[in-house]
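Me: I have a structure open and I'm new to it. Can we go through it bit by bit?

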Amino acid sequence: MQKTKLTNILNDINNILVPRVCFGCNAHLIGGEKHLCTVCRNFVPLTEYSFNEENRVDRIFYGRINVKKTSSFLFFTENGIVQQLIHQLKYKNQEQIGVFLGDWYGQLLQEDPFLDNIDVIVPVPLHRKKLKKRGYNQVAEFAKRLAHYLNAEYVDNILLKTSNTKTQTQKNRIGRWQRNKALYVLSDSKFLKNKNVLLVDDVITSGATMEICAKALNETEGITIYITSMAVVPQFQ
Ligand SMILES: [Zn+2]
């Protein structure tokens with residue numbers, strides 16, 4: 001028996017035992033559908049932001065940090081498909097959603113000529129205790145897939161989270177930053193020297209986490225920082 005045929009049969013048996021359902025609407029997935037049914041997939045709100053034109057993610061960071069360009073893949077809305085996907089990814093052990101989203105976004109980025117110079121991709125890190133508890137960093141697979149498509153190196157041992165304190169979300173940005181400035185550190189201040197670095201997170205809300213991570217990365221001489229994420233909470237300003 002051919003190996004692929006056997007794999008297909010095993011997959012079919014697996015689907016009967018553990019039916020594959022759409023993360024968006026719980027419908028049974030058919031044929032080549034993965035994670036989302038065709039209907040939900042068509043409703044996934046892509047930002048369609050590029051690394052060329054100014055977008056709303058850029059405006060979140062204006063005047064706060066020294067980054068070259070920012071973007072985000074999807075819009076995160078309350079009770080929407082993207083929230084479902086990220087919830088499953090973070091809290092339900094569905095790590096493969098990161099691969100799914102990373103492949104999708106990676107292919108789009110490959111066609112974006114304004115992001116062909118990235119040397120290194122750095123995920124926003126979890127504290128080691130949190131990592132142990134969850135078993136994985138929910139950004140890792142997504143970031144690894146982006147590294148694959150952008151021909152960049154995935155590096156997760158330079159930017160480290162040193163304290164498990166939650167990111168403060170007070171409105172006062174200065175106060176927030178002062179309380180959190182020691183949360184993220186570099187294990188090596190030279191490794192990223194003169195490199196173009198793409199910093200990646202799951203969801204950008206206020207931008208506070210990216211801000212302190214980028215400030216830590218900026219300790220490196222000659223570094224150029226780009227930012228992106230799986231999703232961004234739309235800012236209506
Ligand atoms: Zn669906």
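Me: Is N26 buried or exposed?
Reply: N26 is exposed, with a relative accessible area of 58%. Buried means under 20% relative accessible area, exposed means over 50%, and partly exposed is in between, using a 1.4 Å probe and protein chains only.

Me: Before I go on, what kind of model is this?
Reply: This is a predicted model, where local features need pLDDT of at least 70, side-chain atom pairs count only at pLDDT 80 or more, and totals for chains, interfaces and linings use all residues. Residues are numbered from 1 along each chain as its sequence is written, and side-chain values use heavy atoms, with hydrogens and water left out.

Me: Where does N26 lie?
Reply: N26 lies in the loop between α1 (3–17) and α2 (38–43). Helices (H or I, at least four residues) and strands (E, at least two) are DSSP runs, numbered from the N terminus.

Me: And what is its phi, for N26?
Reply: Phi of N26 is near 70 degrees, a positive value in a residue other than glycine. Most residues other than glycine have a negative phi.

Me: Which loop holds H35, and is H35 buried or exposed?
Reply: H35 lies in the loop between α1 and α2. H35 counts as buried, at 12% relative accessibility. Its phi is positive too, about 70 degrees, although H35 is not a glycine.

Me: OK, whole chain now. How many helices and strands?
Reply: The chain has nine helices and eight strands. Of its 237 residues, 46% count as buried.

Me: What about contacts between residues at least 6 apart in sequence?
Reply: Of those contacts, 73% join residues at least 24 apart. Contact means heavy atoms within 4.5 Å.

Me: Switching to aromatics. How many aromatic pairs are there?
Reply: A search of the whole structure finds six aromatic pairs. Rings of Phe, Tyr and Trp (its six-membered ring) pair if their centres lie within 6.5 Å; planes under 30 degrees apart count as stacked, over 60 as edge-to-face and the rest as tilted.
Reply: One of the pairs is Y105 with F142, which is stacked, at 6.0 Å centre to centre and 5 degrees between the planes. Y105 lies in helix α5 (residues 96–110) and F142 in helix α7 (residues 140–150), so the pair ties together parts that are 37 residues apart in sequence.

Me: Are Y105 and F142 buried or exposed?
Reply: Both Y105 and F142 are buried. They also belong to one aromatic cluster, with F73, F100 and W104.

Me: Which charged residue sits over the ring of W104?
Reply: R41 does, with its charged end 4.2 Å from the ring centre of W104. A charge sits over a ring if NZ of Lys or CZ of Arg is within 6 Å of the ring centre and within 35 degrees of the ring normal. K195 lies over the face of F191, at 5.3 Å from the ring centre.

Me: Back to α7. Which of its residues are buried?
Reply: In α7 the buried residues are A140, F142, A143, L146, A147, Y149 and L150. What covers them includes α5, β3 (120–123), β4 (153–154), β7 (196–204) and β8 (224–232). After α7 comes N151, whose phi is positive, near 55 degrees.

Me: How do α4 and α5 pack?
Reply: Helix α4 (residues 81–91) and α5 pack at an angle of about 135 degrees, with their axes 8 Å apart. Axes are lines fitted to C-alpha atoms, for helices over the stretch in contact, and angles run from 0 to 180 degrees between N-to-C directions.
Reply: That makes α4 oblique to α5. Angles under 35 degrees count as roughly parallel, over 145 as roughly antiparallel, 65 to 115 as roughly perpendicular and the rest as oblique.

Me: Which residues meet there, in α4 and α5?
Reply: From α4, L85, Q88 and L89 meet I97, G98 and L101 of α5.

Me: And what does Q88 touch?
Reply: Not counting residues up to four places away in sequence, Q88 touches F23, N93, Q94 and I97. Q88 counts as buried, at 18% relative accessibility.

Me: Last one. Where is K92?
Reply: K92 is in the loop between α4 and α5, and at 44% relative accessibility K92 counts as partly exposed.
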